[in-house]
Amino acid sequence: DFSKHPDLEIQRDIFVFHCNIGCRVGDLMRMRKRDVQNGILSYIPHKTLNDNARTVSVPLNEVAMAIYNKYISDDLAAPIFPFIYPQEYNDAIKLCLRMAGITRMVVVLDPLTRTEVKKPICEIASSHMARRTLVGNLYKQVKDPNLVGSLTGHVEGSRAFSRYRDIDNDIKKELVNLLN
């Protein structure tokens, strides 16, 4: 019950918003009220500021807009959300998933042994999961990497983007069913 943990409720809301816009956590922390106009969030990803800077525009869906409106202040220069430190945000994400009962097992690579290890997703979750979540969810619906990548600041043909999307069995079934 998040109502008993107001600080954790805030971090949960930030993570859900984050999953709906797919930016890097550093970009999210720099966002201000002035960055949202007519329901569209526009920003220049920090990673591209010095090389090939371009504006990314993300229309806010109903969920993201409701969370935005819940925390926004009248100060145009104020951060959109009351952030904590990035590592504490990652810890809060793990705890939120555990409290929500999101504990499915996932396969990860152990960096020391280079072997497969199964862990509950709530133990390995981080802010970067929000970026992968948006890409994965939209790609399952649209299957156009360039269109989905335009919402996350990836250039056409981005190799990095291909790491975020998962061509799962449902997508493979859809593809094979095209032959019916």
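How many aromatic pairs does the structure hold? The structure holds 4. Here, rings of Phe, Tyr and Trp (its six-membered ring) pair if their centres lie within 6.5 Å; planes under 30 degrees apart are stacked, over 60 edge-to-face, and the rest tilted.

A word on the source. This is a predicted model, where local features need pLDDT of at least 70, side-chain atom pairs count only at pLDDT 80 or more, and totals for chains, interfaces and linings use all residues. Residues are numbered from 1 along each chain as its sequence is written, and side-chain values use heavy atoms, with hydrogens and water left out.

Back to the rings. Phe-17, Tyr-71, Phe-81, Phe-83 and Tyr-89 are linked by ring pairs into a cluster. Phe-81 has 4% relative accessibility and so counts as buried; buried means under 20% relative accessible area, exposed over 50%, partly exposed in between (1.4 Å probe, protein chains only). Tyr-89 is buried too, at 1%.

Helices (H or I, at least four residues) and strands (E, at least two) are DSSP runs, numbered from the N terminus. The buried residues of α1 include Leu-8, Ile-14, Phe-15 and Phe-17. After α1 comes Gly-22, with a positive phi near 70°.
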